[in-house]
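Trainee: I'd like to learn how to read a few features of a protein model. Could you walk me through them, one at a time?

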Amino acid sequence: MQEICKQDSCKNVFITTPIYYVNDVAHIGHAYTTIIADMLARYSRLVGHNTYLLTGTDEHGQKIAQSAEARNKTPKEYADEISGKFKALWDDFDISYNKFIRTTDEDHKIGVQKAFLEMYKKGDIYKDEYEGFYCVPCETFYPESQLVDEQFCPECARATIVVKEESYFFRLSKYEDKLLKWYEDNPDCILPRAKKNEIVNFVKNGLKDLSISRTSFDWGVKLPQEMNEPKHVMYVWLDALLNYTTALGYGTNEENMDFWPANIHLVGKDILRFHAIYWPAFLMSLDLPLPKHIAAHGWWTRDGEKMSKSKGNVVNPKEVADAYGLDAFRYFLLREVPFGQDGDFSQKALIDRINSDLGNDLGNLLNRISGMSGKYFDFKVSSKDVEKFHKKELEEINSIISTLEDYIYNMQINKYLEEIWKILTIGNKAINDYEPWNLMKDGKTDEAMALVALIVNIVSIAALLLDSVMPHKIKEIAKSLSLEISTENYNKFILNSELREDITVTKVEQLFPRIEELKLEQPAVSDVTVLQKDVSKYEAKEELEPLDIDGANLITIDKFFETTIKIGTIIEAVEVPKSSKLLKLKVDLGENRPRQIVAGIKEFYSAEELIGTQACVVANLKPAKLMGLVSEGMLLAAKDENGLSLLRPEKPKTSGTKIS
């Protein structure tokens with residue numbers, strides 16, 4: 001797998017978060033993205049790379065203008081306020097960014113105007129008239145074929161408006177083949193790979209030219225003066241995406257352009273299409289290198305429910321960090337969920353991680369070092385006999401370490417942490433196996449010293465590897481072990497597997513005290529509630545006779561959109577032994593591997609007749625076990641007195657096609 005950057009082959013590393021839209025304050029999703037980026041940047045600096053971390057805010061567009069007007073502010077006043085809150089939060093979280101860019105910065109505007117003019121001169125921008133369906137919250141145009149019920153946005157379910165105006169267009173269709181070749185030649189340009197399949201399928205269905213200017217409002221970057229078009233402002237996504245280059249000086253001094261191309265753009269899955277289609281096409285037009293990786297993470301729910309203001313269950317990252325500790329919060333976000341998958345936040349899960357992983361495994365091991373070194377050796381520890389008595393443990397540790405960098409740079413951060421905890425487990429197990437108290441009682445002082453030194457080296461290794469994850473707590477651990485967190489020590493003790501020489505241990509306060517109860521007030525448990533202003537757009541205007549729905553539980557359209565239904569192709573089917581109802585299926589949903597789905601349809605279908613057919617699959621169910629077999633989805637079917645029938649597309653569709 002192609003990697004972001006290898007230790008011996010990369011000098012500059014450029015990592016970006018999305019620039020966050022200033023329509024609201026930061027939530028857990030913003031914190032998650034930013035903490036991942038900060039962790040990658042801290043790790044890259046520690047291993048010796050010249051690293052640049054970029055974050056910031058996206059401040060133009062019709063939605064911002066409307067939000068400002070509703071608050072009796074100018075757009076700039078409103079943007080200043082919200083952008084300031086984002087920056088203050090990242091500073092409070094000690095995010096190690098090199099630049100916080102704002103799209104209202106003058107240097108950014110100059111760079112964007114230069115890019116627009118370059119693409120225009122190349123023939124990639126032309127003037128025409130646009131008429132289409134526009135979603136103001138998403139700042140996106142949609143063809144009628146993508147709308148829900150011929151009116152609603154397929155992404156946020158809000159009503160679109162019909163826009164007809166003069167517009168400049170970018171020749172996106174020109175780059176369809178070039179984009180497909182880029183995806184093919186760079187297997188990991190989009191991570192996780194399953195997300196790449198979605199993008200490839202979208203592009204293969206055909207790209208239309210993109211409207212990139214608006215005349216119906218004026219809160220945006222003006223077109224270059226040379227074009228003499230004072231009534232036009234640029235499409236907010238063209239303006240926003242170019243921040244990744246203008247932050248490095250594109251169009252002005254270009255002092256940091258040697259960091260381009262980006263090693264990794266971190267984005268949420270909801271904005272992947274903009275970054276994986278529009279952005280590389282713009283870069284192709286500008287003859288700039290393409291980013292090495294675009295990595296899309298999933299969304300967060302709370303206690304199994306989608307977060308919304310109306311439910312009162314939105315997670316405030318500052319409140320969580322203040323209540324439970326910033327480093328514990330960082331560890332939880334990075335460890336809890338495989339990158340790319342959706343995650344669920346609950347205080348119980350966070351407390352479990354703190355008490356088990358941080359308190360029992362890491363904190364307790366540090367306490368045992370302090371206790372044993374003080375009791376037996378006056379806090380002075382030597383590693384001279386570690387290899388003699390603990391060669392097996394050292395080999396296990398070095399084997400684990402050899403895999404770790406690949407996990408980091410392939411965006412498997414939770415796996416990286418799992419492997420580090422295996423090293424800590426080796427330490428805890430060694431104490432239980434060798435019982436240093438008995439070694440001392442039996443006069444085996446050298447063996448006891450070697451064991452304590454082994455544990456000191458294990459926690460030192462863990463400190464170096466975890467500094468990017470929990471930088472503040474690790475400083476305390478490093479201080480107690482007389483360890484400097486540095487590139488030199490990373491090379492010595494991680495890369496070269498050296499053992500530490502004479503070590504002085506000092507006592508440290510308990511770093512992760514046990515937590516017995518929730519520290520934050522829980523949201524009220526209730527049925528899904530939606531503000532009246534949000535549901536009114538779905539309600540019929542005329543009076544209708546109430547429907548007799550046979551006791552069905554009515555839901556709103558936004559609740560329906562929480563379910564992801566896709567077309568799946570059944571590529572394997574076998575009977576489940578000892579079951580009269582179950583078939584085990586392999587179903588292709590256009591992802592990195594087929595899904596295994598266990599379905600109770602054996603009475604109605606034979607395994608042989610299903611192979612090669614298609615069905616509708618609920619694709620975002622949590623995996624479950626049936627007769628000991630993992631099932632990763634559910635087939636949709638209808639059953640009446642005449643039997644059961646799978647729901648299938650009328651005509652064959654590409655595997656993974658989303659049903660809406």
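Mentor: Happy to! Keep in mind that this is a predicted model. Let's begin with burial: threonine 569 has a relative accessibility of 15%, and since the cut-off for buried is under 20%, threonine 569 counts as buried.

Trainee: Where is the place of threonine 569, in terms of strands?

Mentor: Threonine 569 is in strand E18, which covers residues 565-575. Its side chain makes a polar contact of 2.7 Å with the side chain of serine 655. Among the other residues that threonine 569 touches are Lys586, Val587, Asp588 and Gly612.

Trainee: Is tyrosine 324 buried or exposed?

Mentor: Tyrosine 324 is buried, at a relative accessible area of 7%. This residue lies in helix H10, residues 317-324. The side chains of tyrosine 324 and glutamine 347 make a polar contact at 2.4 Å. Tyrosine 324 also touches residues including Leu350, Ile351, Ile515 and Leu518.

Trainee: Now sheets, please. In what order do the four strands of the open sheet come?

Mentor: In general, strands of a sheet pair through backbone hydrogen bonds, either parallel or antiparallel. Here the order is E5-E4-E6-E8, with antiparallel pairing. E5 (140-142) and E8 (210-211) are at the edges with a single partner strand each, so one side of each has no neighbour in the sheet.

Trainee: How many bridges join E6 and E8?

Mentor: Two bridges, in the antiparallel sense; E6 spans residues 161-170. To find the pairing on screen, look for phenylalanine 170, which stands opposite leucine 210 in E8.

How values were computed:
Residues are numbered from 1 along each chain as its sequence is written. This is a predicted model: local features need pLDDT of at least 70, side-chain atom pairs count only at pLDDT 80 or more; totals for chains, interfaces and linings use all residues. Side-chain values use heavy atoms; hydrogens and water are left out. Two strands pair if DSSP finds at least two bridges between them. Buried means under 20% relative accessible area, exposed over 50%, partly exposed in between (1.4 Å probe, protein chains only). Contact means heavy atoms within 4.5 Å. A polar contact is a pair of N or O atoms within 3.5 Å; within protein, one must be able to donate a hydrogen and the other to accept it, and residues adjacent in sequence count only if both atoms are side-chain atoms. Lists of a residue's contacts leave out its neighbours within four places in sequence.
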